[in-house]
Amino acid sequence: MTVLAEQSTMTLPSFMKHLAVLERGGLIRTAKTGRVRRCELNRERLDLLDDWLAEQRRTWEQRTDRLDAFVTTQPGITQKETS
Amino acid sequence: MNPDLDLTIERVIRAPRASVWRAWTEPASFEKWWLPAPTVCRVERFEARAGGPLVTSMSEDGVSFQPHMDACFLLVEDGERIVFTNAIDSAWRPTSPSPVPMTAEITFADHPEGTDYRVIVRHGDAAARSVHEKLGFAAGWGSVTAQLAALAEGRNVGA
């Protein structure tokens, strides 16, 4: 934890407060071994923060796949084209 | 185009532009590809013109349907472009749709191999914010967290 704090411009107490908030929100986990407290990122929960756009992209990609499949496999729709 | 909020899809569809346009604008075709099987999509109201409704419902068993989308066309340029939004419903009432409010712009252009099909989906800041709220964070924590992640992943997190 002190290693992380050293790289930040915040003071150690302020840094600890921020980490506590992140821990309460489930974004990190901390565990104390002797005098050393280690932080671990909770990747799954972090991903929720920016994954909404990826989720929308998947929806639209798959929708485009289905449109593509629909127009290229429906003979009726291309026949109409020539009529 | 804001890469944090918007997404684009570009695809060459190997079918004539008029066919792709019809698949999009004829309700009987539209409902066949709009939702992934086995979910059944049913078009309730569909008028491809500026201000026209785009309302669909969906069903898992093909018998009982529930509302899916209540949106509104903003712009329809015959054979070329469709813009619609779910941030305004078919009665032009502002809404907060699930999962996120968006405006989708779909363009159709001729391509030597068929149709150059492009989609731009624009999301508001509110979309990202609602996700933050679900997680119980005030605005601003996302960037703090991202910085922490970068910091932590730059070296082993430890004592």
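Going along the sequence, the pattern of chain A reads α-α-β-β-α-α.

Quick housekeeping. This is a predicted model, where local features need pLDDT of at least 70 and side-chain atom pairs count only at pLDDT 80 or more, while totals for chains, interfaces and linings use all residues. Residues are numbered from 1 along each chain as its sequence is written, chains are lettered from A and ligands numbered from 1 in the order in which they are written, and side-chain values use heavy atoms, with hydrogens and water left out.

Back to chain A: of its 83 residues, 34% are buried, meaning under 20% relative accessible area with a 1.4 Å probe, protein chains only. Among its contacts (heavy atoms within 4.5 Å) with a separation of 6 or more, 9% join residues 24 or more positions apart.

Now, the inside. A nonpolar core here is a set of buried Ala, Val, Leu, Ile, Met, Phe, Trp, Tyr and Cys residues joined through side-chain atoms within 4.5 Å. The largest one has 38 residues, and those touching the most other members include Trp60(A), Leu67(A), Trp24(B) and Phe84(B). Helix 3 of chain A, residues 43-73, gives the largest share of this core, six residues. There's also a second, separate core of nine residues, with Phe15(A) and Leu22(A) among them.

What does Trp24(B) touch? Leaving out residues up to four places away in sequence, the list includes Leu67(A), Trp33(B), Trp34(B), Phe73(B) and Tyr117(B).

Is Asp116(B) buried or exposed? Its relative accessibility is 16%, so Asp116(B) counts as buried. Its side chain makes a polar contact with the side chain of Arg118(B) at 3.0 Å; that's a pair of N or O atoms within 3.5 Å, and within protein one must be able to donate a hydrogen and the other to accept it, with residues adjacent in sequence counting only if both atoms are side-chain atoms. Beyond four places in sequence, Asp116(B) also contacts Arg11(B) and His111(B), among others.

Last one: chain A exposes about 5,300 Å², with carbon and sulfur atoms supplying 51% of it, by the Shrake-Rupley method with a 1.4 Å probe.

Technical notes
Buried < 20%, exposed > 50% of the residue type's maximum accessible area, 1.4 Å probe, protein only. Helix = DSSP H or I, 4+ residues; strand = E, 2+ residues; numbered from the N terminus.
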